[in-house]
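Please have the structure open while reading.

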Protein chains: 2
Amino acid sequence: MKLASLKNNTRDGQLVVVSRDLSRCVTVTDVASTMQQLLDNWANLAPALQQRYEALNSGSFNGEMPFEPTQCESPLPRAYQWADGSAYVNHVELVRKARNSEMPPSFWTDPLMYQGGSDDFIGPRDPIEAISTEHGIDFEGEVAVITDDVPMAVSPEQALKKVRLIMLVNDVSLRGLIPNELAKGFGFFNSKPASSFSPVAVTPDELGDKWQDGRVHLPLLSTYNDKPFGKPNAGIDMTFNFGQLIAHAAKTRNLGAGAVIGSGTVSNKQGTEYGTAINEGGVGYSCIAEIRMIETIRDGKPSTSFMQFGDTIKMEMLDSDGQSIFGAIDQQVVQYKV
Amino acid sequence: MKLASLKNNTRDGQLVVVSRDLSRCVTVTDVASTMQQLLDNWANLAPALQQRYEALNSGSFNGEMPFEPTQCESPLPRAYQWADGSAYVNHVELVRKARNSEMPPSFWTDPLMYQGGSDDFIGPRDPIEAISTEHGIDFEGEVAVITDDVPMAVSPEQALKKVRLIMLVNDVSLRGLIPNELAKGFGFFNSKPASSFSPVAVTPDELGDKWQDGRVHLPLLSTYNDKPFGKPNAGIDMTFNFGQLIAHAAKTRNLGAGAVIGSGTVSNKQGTEYGTAINEGGVGYSCIAEIRMIETIRDGKPSTSFMQFGDTIKMEMLDSDGQSIFGAIDQQVVQYKV
């Protein structure tokens, strides 16, 4: 099943069921008006939506509308939790290497995770409003899941069964603010502004055998200023699967239905030491910071800039027929007007 | 105006208006059923509730019920954001001192803040379920505000005008997990389990001249296992006021209506170097960690234990007539059963 939230001048948007090919959608107000209402009562409400979805896919449907990703909020326009892991440890190792800092061996067994702001997500086609390019504006392409209620101290195996929906994320980061903020010892805050998610969130069955071992085994395609920038496979080098990430988040507290758990920046080692850019024949990267790290390791300093006002970033995943699964995140960086 | 959310087997509880003396309450379903509904549309809905509140205070009211804090959820049973500052820098300096670590001078000008879990707050009279006393279970008494929508890059002065409600917090902490977690560099996560808030949230005008300069100028009374443990004044030694804390949270992103911003553990220096326990004639502390730090600085090691299963912690604030303003947080630590 594929679901989205359309902009309707409310804080939570209008829940719609979207056809598999992303061409059409229908409201389902008799079942649920918002994504959070559905998640609050998933077991009871999801079967009715699944029927609606199948009918929509099999032909024209009473009340159907064209599906317009530009009219989308993030699937959850706001959420009660957004916890983002760093499951691709290659990414972490690279960041550390670039600043000559050893990575503790525990990072391979104990997930890194930070709690992000979830009260004001931006839509998948909305501009990324930033105050200054001196903040070092970067995108981060990731996969995220939305969970049902998860009890404290759950096992990774049980946690994995709580995944209700899967989507893509652009976890916008302000690299220029990170060093000072992390030095304060309390983790990210100002350096992680509002994130955006793919137009559509899908149930795991939509991915068929590409959803395996709690990982999405498909390339994450990032296109930066209309040029291919990354196509690393999200199923490769993901040290912790989503069951492990959810279980980590729930280690000392329950998670409420609708918690969003992210994978961290998708990053592949590609049989090389740290991966290779697309224009050098590699699978590239899912954030600018990584290519800058490669440049720093290789040349002593980075040559690629962070994002400028007017720059665009597009992220999506295609199925084996080349069809977009989640729709595309496609955003432009603009200057925030105070 | 005083507001609470009663348990009603829903995730968001039943919004009620509570009489000033906390004896009676009324539902207001024709205006709003939940606290978040009210916050989503505060400017339009609050005036009607204020009228209800005044009528309730002036005599018997149709449909009024006795107000029972034991039936309360936290005022927001779940929230889209819970960001907790460390405005009482004395607390931070003490923690550092106990582990022989210098505090950077920037801590006096740039607030520390972490993003906490907000998807599953516990009620003010609900047990604190913990997995193991080896985690070093501690309470942290704080003041928190709930904001309206706050635009990115707001000034502290403008931010202060966005405060809609004030309440108390018990920011439960697992001290035993903090050192390893902070060493990972991403801040708190597992070491900050679910927090609880006072039964009642009040509008700033309820505090009269005790709400000044964005600070609550009243002692926060903590009673640990039925013995007075702390009575520091929340208006003293608060380096950053709520305007500054909200502005810090909104530095690079908008805050959505209903964002909860905490003060950090209330802590007074009391004219001494680091404060004094109540049984030594001082105003005491708002968490066990501080008394342990004093002991460590004085004796080389702490003598007070963290919380054991069965221990109780009560927190409240009284007005000049000795009347509880927010009602009391009153919780017992119990063992979590997986």
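In this predicted model, a polar side-chain atom of B:H248 lies 3.4 Å from the backbone oxygen of B:P111. B:H248 belongs to helix α6 of chain B, residues 242-249.

**Around B:H248**
- Is B:H248 buried or exposed? Its relative accessibility is 5%, so B:H248 counts as buried, the cut-off being under 20%.
- Contacts of B:H248 beyond four places in sequence include B:D110, B:P111 and B:M113 from chain B.
- Chain A also reaches B:H248: A:K184 and A:N190 are in contact with this histidine.

**Extent of the interface between chains A and B**
- Contact involves 56 residues of chain A and 56 residues of chain B.
- The two chains bury about 4900 Å² between them. Carbon and sulfur atoms carry 53% of that area.
- Which residues of chain A lose the most area to chain B? They are A:Y80, A:F186 and A:F189. Together these three account for 20% of what the chain A side buries.

**Polar and charged pairs across the interface**
- How many salt bridges are counted between chain A and chain B? The count is eight.
- One salt bridge joins the side chains of B:R78 and A:D40, at 2.8 Å from N to O.
- On the chain A side, the elements giving two or more residues to the contact with chain B are α1 (35-40), β6 (113-115) and α6 (242-249).
- By class, the chain A side that touches chain B holds 27 nonpolar, 15 polar and 14 charged residues.

**Helix α7 of chain A**
- Helix α7 of chain A has twelve residues, 288-299. At 1.5 Å a residue, the helix should span 16 Å.
- Which residues of α7(A) are buried? They are A:I288, A:A289, A:E290, A:I291, A:M293, A:I294 and A:E295.
- The buried residues of α7(A) pack against helix α3 (89-98) of chain A. They also pack against three strands of that chain: β8 (137-138), β16 (221-224) and β17 (227-230).
- Just past α7(A), A:G300 adopts a positive phi of about 90°.

How values were computed. Residues are numbered from 1 along each chain as its sequence is written. Chains are lettered from A and ligands numbered from 1 in the order in which they are written. This is a predicted model: local features need pLDDT of at least 70, side-chain atom pairs count only at pLDDT 80 or more; totals for chains, interfaces and linings use all residues. Side-chain values use heavy atoms; hydrogens and water are left out. Helices (H or I, at least four residues) and strands (E, at least two) are DSSP runs, numbered from the N terminus. The expected span of a helix is 1.5 Å times one less than its number of residues. Buried means under 20% relative accessible area, exposed over 50%, partly exposed in between (1.4 Å probe, protein chains only). Contact means heavy atoms within 4.5 Å. Buried area is the accessible area (1.4 Å probe) that two parts lose on being put together, summed over both. A salt bridge is a side-chain nitrogen of Lys or Arg within 4 Å of a carboxyl oxygen of Asp or Glu. Ala, Val, Leu, Ile, Met, Phe, Trp, Tyr, Cys and Pro count as nonpolar, Asp, Glu, Lys and Arg as charged, and the others, Gly among them, as polar. A polar contact is a pair of N or O atoms within 3.5 Å; within protein, one must be able to donate a hydrogen and the other to accept it, and residues adjacent in sequence count only if both atoms are side-chain atoms.
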